[in-house]
Amino acid sequence: MINLSGAKVLITGGSRGIGRATAILFAKAGCNVAISYLRRNDAADQVKQTIEELGRKCLAFQVDVTCKNSINNMVKKIIKDWGEIHVLVNNAGIWTYGEIGKMSERVWSETMKINLDSVFYFCNVIVPYMKKARKGVIINVSSTAGIRGEAFHSHYAASKGAIIAFTKSLAIELAPYNIRVNCIAPGWVDTDMCTEVFKDKEYRKKIEESIPLKRIPPPEDIAGPIIFLSSPLACHITGEVLNVNGGSILFV
Ligand code: NAP
């Protein structure tokens with residue numbers, strides 16, 4: 001039913017977790033996929049191999065999403081090879097601890113740079129190509145934290161809340177160019193980002209109990225909604241925040 005055959009997709013943070021699952025699902029839907037990652041060559045190579053085994057093309061770039069020049073060079077290379085980028089998924093991110101009153105500026109700005117500035121850099125360089133093509137889809141990965149806040153992670157929540165405001169603004173600005181811009185807001189997801197937290201089995205159980213659907217999803221459960229929002233099935237959806245959290249947001 002969802003067939004994105006021939007579409008060219010760029011996913012940041014595509015080596016692991018939600019980005020990895022999304023990259024592979026896009027390939028299954030017929031897309032060629034470019035991924036960026038920071039350090040994990042091994043993980044990125046595996047994703048590339050999986051996508052190529054599915055008969056699709058994959059470009060993998062080791063690019064720090066805080067480095068505007070590297071991003072611009074990467075995008076130029078993709079455009080040179082593939083001619084266009086139909087779908088941009090801004091997914092790369094970090095989640096660190098920060099207690100207000102004790103949080104250093106370094107911790108605050110590291111999160112803002114990786115989670116928020118990067119989204120601006122990627123949109124700023126790719127949107128002109130999408131405008132020229134008069135089509136495009138941008139999906140920004142926010143979080144439940146960006147909607148309801150998160151104690152001891154206020155810097156993370158602030159970065160994810162800002163992504164929502166940025167998304168809604170671009171949705172209006174870019175609608176005349178047939179470019180749709182939406183957010184996905186996951187709750188807890190079973191990825192490396194949460195490994196430390198989930199090591200405590202009792203705490204994990206507590207989290208599961210707090211979610212109406214009583215489960216912590218694998219990253220594939222976030223990838224599906226991202227593919228949906230990127231597909232023609234979602235052609236009338238823009239400026240939206242799609243909560244993918246098993247109903248957690250209803251439970252505050
Ligand atoms: P993850 O498993 O920790 O993977 C993070 C990905 O981002 C990796 O591919 C990593 O590359 C890349 N990355 C991190 N910093 C980077 C940088 N400076 N430059 C380039 N790439 C960088 O994370 P995840 O759980 O899949 O999270 C993906 C997104 O979902 C994030 O935006 C996160 O905030 C959001 N989210 C996650 C959850 C959750 O519970 N997991 C919940 C809500 C929202 P390397 O592999 O090279 O390190």
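**Arg-204 and its neighbours**

I started with Arg-204, which touches Asp-190, Phe-198 and Ile-216, not counting residues up to four places away in sequence. Contact here means heavy atoms within 4.5 Å. Before going on, I noted that this is a predicted model, where local features need pLDDT of at least 70, side-chain atom pairs count only at pLDDT 80 or more, and totals for chains, interfaces and linings use all residues. Residues are numbered from 1 along each chain as its sequence is written, and side-chain values use heavy atoms, with hydrogens and water left out.

Arg-204 is found in helix 8, residues 201-210. Helices (H or I, at least four residues) and strands (E, at least two) are DSSP runs, numbered from the N terminus. Is Arg-204 buried or exposed? Arg-204 is buried, at a relative accessible area of 18%. The cut-offs are under 20% relative accessible area for buried, over 50% for exposed, and partly exposed in between (1.4 Å probe, protein chains only).

I also looked for a polar partner. The side chain of Arg-204 makes a polar contact with the side chain of Asp-190 at 3.2 Å. A polar contact is a pair of N or O atoms within 3.5 Å; within protein, one must be able to donate a hydrogen and the other to accept it, and residues adjacent in sequence count only if both atoms are side-chain atoms.

**Helix 4 against helix 6**

Next I looked up helix 4 (residues 105-133) and helix 6 (residues 154-174), whose axes come within 9 Å and cross at roughly 15°. That angle makes helix 4 roughly parallel to helix 6. Axes are lines fitted to C-alpha atoms, for helices over the stretch in contact, and angles run from 0 to 180 degrees between N-to-C directions. Angles under 35 degrees count as roughly parallel, over 145 as roughly antiparallel, 65 to 115 as roughly perpendicular and the rest as oblique.

The crossing of helix 4 and helix 6 is right-handed. A crossing gets that label if the near helix is turned clockwise from the far one by less than a right angle, and left-handed if anticlockwise.

Which residues meet here? Helix 4 brings, among others, Trp-108, Asn-115, Phe-120 and Lys-131, and helix 6 brings residues including His-155, Ser-159, Phe-166 and Leu-174. By class, the contact of helix 4 with helix 6 has 15 nonpolar, four polar and two charged residues. Ala, Val, Leu, Ile, Met, Phe, Trp, Tyr, Cys and Pro count as nonpolar, Asp, Glu, Lys and Arg as charged, and the others, Gly among them, as polar.

His-155 lies in helix 6 and counts as buried at 0% relative accessibility. Leaving aside neighbours within four places in sequence, I found His-155 in contact with Thr-96, Tyr-97, Gly-98, Met-103, Val-107, Trp-108, Thr-111 and Met-112.

Ser-159 has its place in helix 6 and is buried too, at 0% relative accessibility. Ser-159 touches Thr-111, Met-112, Asn-115 and Leu-116, again not counting residues up to four places away in sequence. A polar contact of 3.3 Å joins the side chains of Ser-159 and Asn-115.

Phe-166, also placed in helix 6, is partly exposed at 23% relative accessible area. Beyond four places in sequence, Phe-166 is in contact with Val-119, Phe-120, Cys-123 and Asn-140.

**Helix 3 against helix 4**

The axes of helix 3 (residues 68-82) and helix 4 come within 9 Å and cross at roughly 30°. That makes helix 3 roughly parallel to helix 4. Helix 3 passes helix 4 in a right-handed crossing. Among the residues making the contact are Ile-71, Val-75 and Ile-79 of helix 3 and Phe-122, Ile-126 and Tyr-129 of helix 4.

**Two positive phi values**

Most residues other than glycine have a negative phi. I noted phi near 55° for Arg-134, in the loop between helix 4 and strand 5 (136-141). Phe-152 has phi near 65° and lies in the loop between helix 5 (145-148) and helix 6. Arg-134 is partly exposed at 48%, and Phe-152 is partly exposed at 44%.
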